[in-house]
Amino acid sequence: MGESLIDLRDVRLRVSDDEWVARQSGLGQLDICGLRFQFDQDAGVAKQYHTGSARAIGTAYHAAVETLYNEYHEDPIGVGHENLGALAAVIDDAYMEEVRLAGDRFHLDEGEDHGTNRAKAREMLVSYVEGGHYLPADEWELIGTEITFWDEVGVQKVKGTIDSLFRNRSTGTYRIEDHKTAGRMWPKLKESPRKNVQAPFYFAFFVPAWCEANGVALDYNQWEWTYGVMTYAGKFDRRIGTPRQWHLDLVTWKLQKAQMTVEQRLYWPNPSSNLCSAKYCDHWDVCPFGAAAT
Ligand code: SF4
């Protein structure tokens, strides 16, 4: 099999096409359904993009927030709301790209339409900006958005992408911020690594690789993560966490579980998951427990 050269800010690894690469999303998929995990891992399985209103609104909002930090961090509103208008255009473009990608696999529920969905995403963005929920440039230095990282744990390759990385100008604390959208406010402790391995995965693999690549001493006391959660109704909440040893242990266990699953090919399906639906599973069309079972 061929090899590809991956370049991460001076961290270079050769990764064979046929090697299994552990991703945070993959470990999360395995928690949901072993078959989803298998479909994602297996090369050659036709993956058809499915989406629905919630996912498309979330994608559009996410694109605008990323653009906000990359281009309008100093002044997201702008003179005469010019910058906010540009961000609204980003939302429209990103949403319509979802429509294009999904084609007839865009699942609109009764009463939903694309115009109303785009308006909702724009209102969420306005709430984020005018509600003062973004991380202000005079307090937070943006280090980067959509930073992809690779690492090796023994023979295991790991990969991930963080939404954004900031550094507090007065305390020097590094913050990994992930942008989330949700139907309602997150319940208490939903940000816990017990529920979502995402942040610990970043701490286990991204932080050491990034520190090494950038000549920064690794000190977990200088790091935190946040989930910026925006609801479709425009309410915002920011959940904050700091690294603990059990978070890293949890990642190790999940990685081992994934390795055993791959080695022994124990891909247990989970059709009882509420994410086992045409809206939320890209493998619905090919899975024997998806479209074929209805
Ligand atoms: S359709 Fe359901 S059972 Fe099949 S891969 Fe998706 S989530 Fe798993």
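The turns below go through helices, strands, domains and the ligand of this predicted model.

Q: Why is α6 called roughly perpendicular to α7?
A: The axes of helix α6 (residues 198-214) and helix α7 (residues 245-264) cross at roughly 90°. Angles of 65 to 115 degrees count as roughly perpendicular. The crossing angle falls in that range, so α6 is roughly perpendicular to α7. The two axes come within 9 Å.

Q: Which residues in α6 meet which residues in α7?
A: From α6 come P200, F201, F203 and A204. From α7 come H247, L248, L250 and V251. The residues of this contact divide into 7 nonpolar, 1 polar and no charged.

Q: What makes α1 roughly perpendicular to α7?
A: Again, the angle does. The axes of helix α1 (residues 24-32) and α7 cross at roughly 75°. The range for roughly perpendicular is 65 to 115 degrees. The angle lies inside it, therefore α1 is roughly perpendicular to α7. Their axes come within 10 Å.

Q: Which residues make the contact of α1 with α7?
A: G26, L27 and L30 in α1 meet K254, L255, K257, A258 and T261 in α7. By class, this contact has 4 nonpolar, 2 polar and 2 charged residues.

Q: How do you know that β6 and β7 pair?
A: Count the bridges. Two strands pair if there are at least two bridges between them. β6 (140-153) and strand β7 (residues 156-168) have 12 bridges, in the antiparallel sense. Across the pairing, D151 stands opposite V158 in β7. The hairpin of β6 and β7 has 2 residues between the strands, and G154 takes a positive phi near 65° there.

Q: How do you know that β7 and β8 pair?
A: These strands have 4 bridges, in the antiparallel sense. At least two are needed, so β7 and β8 count as paired. R167 stands opposite Y174 in β8. The hairpin of β7 and β8 has 5 residues between the strands. In its turn, G172 has a positive phi of about 80°.

Q: In which sense do β8 and β9 pair, parallel or antiparallel?
A: The sense is parallel, over 9 bridges. Strand β9 covers residues 223-231. The bridge partner of D178 is Y227 in β9.

Q: What makes up the two domains of the chain?
A: Domain 1 is 3-46 + 141-264, and domain 2 is 51-130. Their C-alpha centres lie 24 Å apart.

Q: How many residues of each domain are in contact?
A: 11 residues of domain 1 are in contact with 15 residues of domain 2. β6 and β8 (174-182) each supply at least two residues of the side of domain 1 that touches domain 2. β6 gives the most, with 3 residues. By class, that side of domain 1 has 4 nonpolar, 6 polar and 1 charged.

Q: Which residues are the closest to the ligand, and how many surround the ligand?
A: The closest are C33, C276, C281, C287 and G290. In total, 15 residues surround the ligand.

Notes:
Residues numbered from 1 in each chain as written. Predicted model: local features only at pLDDT ≥ 70, side-chain atom pairs only at ≥ 80, totals over all residues. Near = placed C-beta within 6 Å. Axes fitted to C-alpha atoms, helices over the stretch in contact; angles between N-to-C directions. Parallel < 35°, antiparallel > 145°, perpendicular 65-115°, else oblique. Contact = placed C-beta atoms within 7 Å. Nonpolar A, V, L, I, M, F, W, Y, C, P; charged D, E, K, R; others polar. Domains from an automatic or database assignment.
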